[in-house]
Amino acid sequence: MTMNFLNPVTTQTWTNGRHLVRCVKVIQETWDVRTFCFMAEQPVLYFFKPGQFVTLELEIDGEPIMRSYTISSSPSVPYSFSITVKRVPGGKVSNWLHDNLKSGDELAVHGPVGNFNAIDYPAEKILMLSGGVGITPLMSMVRWYFDTNAAVNIEFVHSARTPKDIIYHRELEHIFSRIPEFKLHIVCERSDEMGEAWAGYRGYLTQQMLELMAPDFLEREIFCCGPTPYMNAVKHLLKDNGFDMSRYHEESFGATPLDVKEEALELAEIAGAEEPDLAEALEVEFSASGKSVRIQPGETVHAAAAKLGLHIPKACGMGICGTCRVPLASGQVDMEHNGGITDEDIAEGYILSCCSKPLGNVVVEF
């Protein structure tokens, strides 16, 4: 790399949108987890809030697929970013990435977005709780705090299946060995099945364990990420102890079952499960396509497009990933998003079609 590569005149800053990137490195973290590192052809400063995510734009077996992944690296290493992916049995995207994505491959990403991050919820005392590959956004936060010499007190509790499933194990031990205010606790569900030695906590995370690790957990800002049953168990534990849940934050994007339910409801509406009230119908016009359709109050712009056979790209269906962003030319919508669009984008007239419900007749530039 020459110094010209870092010329501030030609260096761009990352903003929410579609970007072409190239995979520059693949790291085998554990037997079924890999980290994929990306850079741009022209230098880009990848500034984002630790904990945010990107959406990959892929083509698998001729089918376009969008899938969101947390950024596991820190913006303190600004000229590249990484995602960490666990191979899931039967997982179409995770298996494709493990089997096909290699150094030198180019793809498009959308983002960065996400309300789950360390910047928007500053605190002097933090408890991080992660299960499995849910460690990725918390690792981004820890790397950020470590690299910036942040004055924070962190209790980090990670649950893994077995010792060989602990992601970033060596790096975690390195980071937490150097700062007295950072304390690491690892719980392994099973350690005897593979004949592996383990001297730490065993089983599932319990209140008794948590009280030993972080006796003051009720006084901390809590960030949690992991499988849904894990996060539900954590929330149940906290609520039972009277924790102020406004100080609890979790990552929960990519809920496929919700996507399936929404599509089933849309199909039921199209099939005429109920007789529509034409008097209340709203008109949605797609100016670039020259098409329009009347929908019932409460239906989304994305549902309107689907009725016309128009495909607005969508990944999460929950207003998180930002993939379905489109310009609103006229009219008003009720948009209940989850961080997938910035205030600047909204000011410029953009909406997320998956979670925007027209309040009257609207015109969308698509």
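How many bridges join β10 to β11? Seven, and the two strands run parallel. Before you click on, note that this is a predicted model, where local features need pLDDT of at least 70, side-chain atom pairs count only at pLDDT 80 or more, and totals for chains, interfaces and linings use all residues. Residues are numbered from 1 along each chain as its sequence is written, and side-chain values use heavy atoms, with hydrogens and water left out.

Strands here are DSSP runs of E, at least two residues, and helices are runs of H or I, at least four, both numbered from the N terminus. Two strands pair if DSSP finds at least two bridges between them.

Select H158 and look across to I186 in β11, which stands opposite. Now widen the view to the open sheet of six strands: the order is β12-β11-β10-β9-β13-β14, and the pairing is parallel. Its edge strands, each pairing on one side only, are β12 (201-202) and β14 (248-250).

Next, pick α2 (135-147). This helix lies across β9, β10, β11 and β13, running at about 145 degrees to β9. (Axes are lines fitted to C-alpha atoms, for helices over the stretch in contact, and angles run from 0 to 180 degrees between N-to-C directions; contact means heavy atoms within 4.5 Å.) α3 packs on the sheet too, touching β10 and β11, and its direction makes about 150 degrees with that of β11.

Stay on α3 and colour 169-178. L172, I175 and F176 are buried, that is, under 20% relative accessible area, while exposed is over 50% and partly exposed in between (1.4 Å probe, protein chains only). The buried residues pack against α2, β10 and β11. Turn to the other side of α3 for R170, S177 and R178, which are exposed.

Hop to N149, in the loop between α2 and β10. This residue has a positive phi of about 55 degrees although it is not a glycine, and at 67% relative accessibility N149 counts as exposed. D61, in the loop between β5 and β6, also has a positive phi, near 55 degrees.

P112 sits in strand β8 (106-113).

Last stop: an open sheet of five strands, β16-β15-β21-β17-β19, with mixed pairing. β15 and β21 run parallel, joined by three bridges, and E285 stands opposite V363 in β21.
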